[in-house]
Amino acid sequence: MPLTDESYIQLAIEIAKKGMGKVSPNPLVGCVIVKNNKIIGAGFHEEYGKNHAEINAINSSIENIEGATLYVNLEPCSHYGKTPPCVEKIIENKIKKVVIGTRDMNPLVSGKGIKALKKAGIEVKVGISEKECIELNKFFFKYITKKIPYVTLKIAQTLDGKIADQNRDSKWITSISSRRIVHTLRSKYDAVLIGSNTVEKDDPNLTVRLVEGRNPKRIIADTNLSLNLNHKIFSGNTDRNLIILTSEKSATKERKIKRLQNSGAKILFIKENENGLIDLKSALRELGKHKIASLLIEGGSKMFTSIIRENLYDNIFLFLAPKILGTGLSAVDNLGNKTIKQALKVQIKSVERNGDDLMVELVK
């Protein structure tokens with residue numbers, strides 16, 4: 001029995017996931033070519049700047065693809081970028097039909113690829129498993145339309161909402177199973193962000209160690225460039241992927257700036273808000289300019305509070321350990337809400353058990 005269009009698009013989605021952590025700020029794309037109810041070619045976008053999924057699928061085909069049907073989770077591109085347009089190659093190879101999961105939200109592409117295919121006499125079907133296709137590329141779609149990264153908060157806390165004890169010690173609230181998931185998340189996001197207080201108290205690496213995967217860029221928000229350089233995050237910057245967000249007034253600290261730059265750190269000067277702290281909206285815009293399409297924020301309480309208060313997050317991964325601390329540091333502080341009616345409302349997207357812990361994904 002031949003598979004359905006939905007089945008082939010789902011296969012394209014799964015193939016596309018192989019590019020996670022390697023193609024940003026480009027989208028994740030998978031492609032399957034079918035002829036006479038048989039898959040004759042498949043490919044995915046493997047790395048930023050290299051061939052797109054459609055080209056890899058065409059090049060891998062084991063038969064002549066004239067008259068075949070091409071399945072792809074995202075509208076094929078019709079413009080010249082790092083590589084030539086995929087639409088031209090599809091037309092050139094006389095593919096009969098193209099089935100597309102979702103339109104591309106990139107203004108350079110949106111609808112233009114579909115229009116070009118139809119103009120060439122190719123049958124086009126759009127909107128197959130569209131919800132899943134949009135979810136797959138939620139990082140890319142926000143980045144390409146808003147010019148800022150998709151923002152996820154990762155909070156590990158006790159049942160009573162504490163992320164550290166009264167001595168600011170947080171090792172370890174959650175289980176090794178939860179920490180493995182966090183390392184997997186790191187490998188999928190372009191960058192991980194923490195505040196300077198978290199560097200001081202936790203001295204983290206912010207690298208991927210408990211699972212296989214590439215390390216993200218590490219970002220520290222240090223308003224006054226007050227951190228010393230003895231922390232692991234500085235000494236471990238052998239890949240030169242450390243970024244420091246600091247206020248514009250810190251530009252006068254020339255010796256400190258030189259030492260940081262010599263250690264391989266990139267320094268981004270951000271304007272201050274009314275409280276004399278880094279303006280987070282400006283920080284996100286600056287990170288977008290540096291092609292950071294996805295950002296995982298891992299702490300601490302001040303950072304969580306500011307991001308939530310300013311409504312700058314997209315989702316939250318909340319790791320709940322079956323522990324009750326009583327006193328300690330709360331995950332979120334004053335949001336300005338004084339009554340239950342004013343409380344921030346979020347939706348529970350999913351709940352999973354990991355070892356002894358629960359992982360709850362929350363969305364706005």
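Reader: Which residues are buried in α2?

Author: Before I start: this is a predicted model, where local features need pLDDT of at least 70 and side-chain atom pairs count only at pLDDT 80 or more, while totals for chains, interfaces and linings use all residues. Residues are numbered from 1 along each chain as its sequence is written, and side-chain values use heavy atoms, with hydrogens and water left out. Buried means under 20% relative accessible area, exposed is over 50% and partly exposed lies in between (1.4 Å probe, protein chains only). In α2 the buried ones are A53, E54, I55, N56, A57 and I58.

Reader: How many of the residues of helix α2 is that, and what covers them?

Author: Helix α2 runs over residues 53-60 and is mostly covered, with six of its eight residues buried. Helices (H or I, at least four residues) and strands (E, at least two) are DSSP runs, numbered from the N terminus. The cover on the buried residues of α2 includes β1 (30-35), β2 (38-44), β3 (69-74) and α3 (86-92).

Reader: What share of the contacts with a separation of 6 or more comes from residues 24 or more positions apart?

Author: Contact here means heavy atoms within 4.5 Å. Among contacts with a separation of 6 or more, the share from residues 24 or more positions apart is 71%.

Reader: How many residues does the largest nonpolar core have?

Author: A nonpolar core is a set of buried Ala, Val, Leu, Ile, Met, Phe, Trp, Tyr and Cys residues joined through side-chain atoms within 4.5 Å. L153, L193, I219, L245, L295, I297 and I307 have the most contacts inside the largest one. Leaving out residues up to four places away in sequence, L153 touches I297, F304, I307, I308, Y313, N315, I316 and F317. As for the size of that largest core, it has 33 residues.

Reader: Is Y143 buried or exposed?

Author: Y143 sits in helix α6 (residues 138-146). Residues up to four places away aside, Y143 touches P25, I148, G288, K291, I292 and A293. Its relative accessible area is 11%, so Y143 is buried.

Reader: Which peptide bond is cis with omega near 10 degrees?

Author: Most peptide bonds are trans. P25, one of the residues that Y143 touches, lies in the loop between α1 (5-16) and β1. The cis bond with omega near 10 degrees runs from S24 to P25.

Reader: And where is W172, which has a cis bond from K171?

Author: The bond from K171 to W172 is cis, with omega near -20 degrees. W172 is in the loop between β7 (162-164) and α7 (176-188).

Reader: Is L225 buried or exposed?

Author: L225 has a positive phi of about 50 degrees although it isn't a glycine. Its place is in the loop between β9 (217-221) and α9 (232-235). With a relative accessibility of 4%, L225 counts as buried.

Reader: What is the relative accessible area of N311?

Author: N311 has a positive phi too, of about 55 degrees, and is not a glycine. N311 is in the loop between α12 (301-309) and β13 (315-321). N311 is partly exposed, with a relative accessible area of 45%.

Reader: Last one: what is the relative accessibility of L117?

Author: L117 is in helix α4 (residues 112-119). Neighbours within four places in sequence aside, L117 is in contact with P76, V87, I90, I91, V98, I122 and V124. L117 counts as buried, and its relative accessibility is 0%.
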